[in-house]
Amino acid sequence: MFSSWRIFAVNQQKIFSGHINTMCYCKIKASLKRSKARVPLTRDYSSPPGIVGNDVKSLHSIINPPVAKIRNIGIMAHIDAGKTTTTERILYYSGYTRSLGEVDDGDTVTDFMAQERERGITIQSAAVTLDWRGYRVNLIDTPGHVDFTVEVERCLRVLDGAVAVLDASAGVEAQTLTVWRQADKHRIPRICFLNKMDKTGASFNYAVESIREKLKATPLIVQLPIGEGKAFRGVVDVINKEKLLWNSNSDDGKDFERKPLSETSDPGLLKETVEARSSLIEQVADLDDEFAGLLLGEFSENFDLVPVEKLQTAIHRVTLAQAAVPVLCGSALKNKGVQPLLDAVTVYLPSPEERQHGLLRWYKDDLCALAFKVLHDKQRGPLVFLRIYSGTLTPQSAIHNVNRNCTERMSRLLLPFADQYVEIPSLTAGNIALTVGLKQTATGDTMVSSKSSALAAARRVGRGGKKHGQNSEAESLLLAGVEIPEPVFFCTIEPPSVAKQPDLDHALERLQREDPSLKVRLDPDSGQTILCGMGELHIEIIHDRIKREYGLETYLGPLQVAYRETILNSARATDTLDRTVGDKRHFVKAELEVLPAEAPCGVARIEYADCVGADLLQASREAIENAVHSACLQGPLLGSPVQDVAVILHSLVVHPGTSTTMLHACISRCVQKALKKADKQVLEPLMSLEVTVTSEYLSPVLADLAQRRGNVQEIQTRQDNKVVIGFVPLAETMGYSTVLRTLTSGSATFALELSTYQAMSPQDQSTLLNQRSGLSQVL
């Protein structure tokens, strides 16, 4: 029976395909027996969820554990802090893989894309479902590179907790701050894992202090390292006053012993642990009133007698309230400290029922789920990841997309395991599922059981005691989507021949659905396809995927920076449109003014003068606003979007029967006239830069930044390295990684993140305009 179950896990796609929903449990067992002779897949998985030792649970309990036993977590960190290696160890120790994957060897489970294995980085998030000591853990490994920050954003949106992995020798780094802010936005409880304690220069105290200073978080030290750097041997469990030592002869780190600290064998370590435990108890008491009451009452004479369970429960409450973050340590590469990390995930991070989602009260027990990721599979078609917040999801059922107001039929339901999937008959609230058959659903869409369910929820919103307009009612029924930042790089992309253009359009359409941060547009003047992305690496990966996955040898034009434009003074313009189409006369006369906005704004702010009639506005407001926004998409200098402007409509005359299309055309033309009259300014994207470099290479790095118009803010000391923090224009970062490696013999690292848009100097602006117009610069 057990061998059949294991073969079932390996051959799940062949066994389940197409008939899982009609197959009863006895038929499944019969099918398992027949599957013994089949050849396993290349990757070797162990028992499916729910099989521990000799305990075989029912299929229902395997798929749908109690919601209190579910943990939806993400692994997030700076580049190269060890996220994927930590995930690999988690999979191995939970029994889901039988061999340890290594990033350097390119055989990890979650980095399954060819581009990820070649570069040794995570590009797209991967979801894995596993069990640990009776808990169901839905784990997502997220990218660390800033070009793929949307991947982190959309995954954090659906998680209940997160593990922040830090390099113990570097502490909090640039991208750590970015993902931490993203987690703050979604109010996600976190625990910190100080990885690479075996690395030369690792410092537990330094890393903890960087959490306190840079993240402005309160660290709760629940573990202490036994040794640092090459001397790292294990960890101390501060709460239980035990030491965990890993067997040095063990290759996989499964064997470790847990021993109580004693006065005879570990006097120094015991003293340090007792002090750390007392400090931990005091910290938790300051943050949790219930625990403070317990201390002052029952254990006022001796805090050391506080039961472990009471302390852990209090830490759980503090973590859930985001008042503090438990800190653990270890070395994922050396297989030390990962099992206690898994224990901490189940003890300290919340279950789905402990997280509050206000709109669920409108749906009651009906299905409510959020689509947070889309993939395309050659055999199955679009695969949509759903986080189920309420109700039950079953295959062969129709579900309604509230955002797009359409109903789609889901053909199959899968449990995700990186690039492998197990088909299942149903899934309940709190879980993350993968669905097949949803053709129109995209990232950020809210899914419900039916249109009538959405209407019933809308009626409940109306009776909720608040006054809602139609729009706000609809918004109340939608789960918050994902904020997509504007792309900063763009280039042209061309197929190898005109005949291949439809194939390229199809590939780009699919890639856009998978990656919301990728934008594709058509240049109205040249007719070329423009690819817009978050960075050099982002566009490089997209180009590589088109070649590998769709078999198209495309050609990329030179990378260009996504500039913005604004105006420096106000300007007025008048425009009249008088046209007769057929027997109908269309007449519009508009006068408006453009002026710099008082506060920065990405979209033009529109105001109306008192003389503009209210009745006219009521009928034409939408067309006017669409026309203004459309006109601001292409500025007069570079054809870049215009921002930080306000538009005042002073007068508007519209002949009865005039179409909104003509009104739109007149207003749009009038805005463009006004923009051309005003003094114009080009804005360029400014990147915040952090370069980590050894002292011997600091001077050439600073000299190179000065040539790139960089502005150094400060130089910090991090262990034996120097950290240069500053700003540099995005246009000057082209090929920076190659230059930095050359200057520092490959020893430096850097991180870039979009900070803001800043005005270019007159000289730089003149140079840019000459380049764009094809004129050579006269030196």
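Student: Which residue in E11 stands opposite aspartate 237?

Tutor: Aspartate 237 faces glutamate 242 in E11. This is a predicted model with residues numbered from 1 along each chain as its sequence is written, and local features need pLDDT of at least 70. Side-chain atom pairs count only at pLDDT 80 or more, while totals for chains, interfaces and linings use all residues, and side-chain values use heavy atoms, with hydrogens and water left out.

Student: What makes E10 and E11 a pair?

Tutor: Two strands pair if DSSP finds at least two bridges between them, and strand E10 (residues 234–237) and strand E11 (residues 242–246) are joined in the antiparallel sense over 4 bridges. Strands (E, at least two residues) and helices (H or I, at least four) are DSSP runs, numbered from the N terminus.

Student: Why are E9 and E12 called edge strands?

Tutor: The open sheet of 4 strands runs in the order E9-E10-E11-E12 with antiparallel pairing, and strand E9 (223–226) and strand E12 (256–260) each pair on one side only.

Student: Why is H10 called oblique to H12?

Tutor: The axes of helix H10 (residues 267–287) and helix H12 (residues 308–320) come within 10 Å and cross at roughly 50 degrees, where axes are lines fitted to C-alpha atoms, for helices over the stretch in contact, and angles run from 0 to 180 degrees between N-to-C directions. Angles under 35 degrees count as roughly parallel, over 145 as roughly antiparallel, 65 to 115 as roughly perpendicular and the rest as oblique, and H10 and H12 are therefore oblique to each other.

Student: What makes up the contact of H10 with H12?

Tutor: On the H10 side, Arg277, Leu280, Ile281, Val284 and Leu287 make the contact, and on the H12 side Val308, Leu311, Ala314, Ile315 and Val318, contact meaning heavy atoms within 4.5 Å. These residues divide into 9 nonpolar, no polar and 1 charged, with Ala, Val, Leu, Ile, Met, Phe, Trp, Tyr, Cys and Pro counted as nonpolar, Asp, Glu, Lys and Arg as charged, and the others, Gly among them, as polar.

Student: How do you know that H10 is oblique to H11?

Tutor: H10 and helix H11 (residues 289–297) pack at about 120 degrees, with their axes 6 Å apart, and that angle makes H10 oblique to H11. Ile281, Val284, Ala285 and Leu287 in H10 meet Asp289, Phe291, Ala292 and Leu295 in H11.

Student: Where does pLDDT stay under 50?

Tutor: On pLDDT, the predictor's confidence in each residue from 0 to 100, residues 110–123 stay under 50. Where pLDDT is low, the predicted coordinates should not be read in detail.
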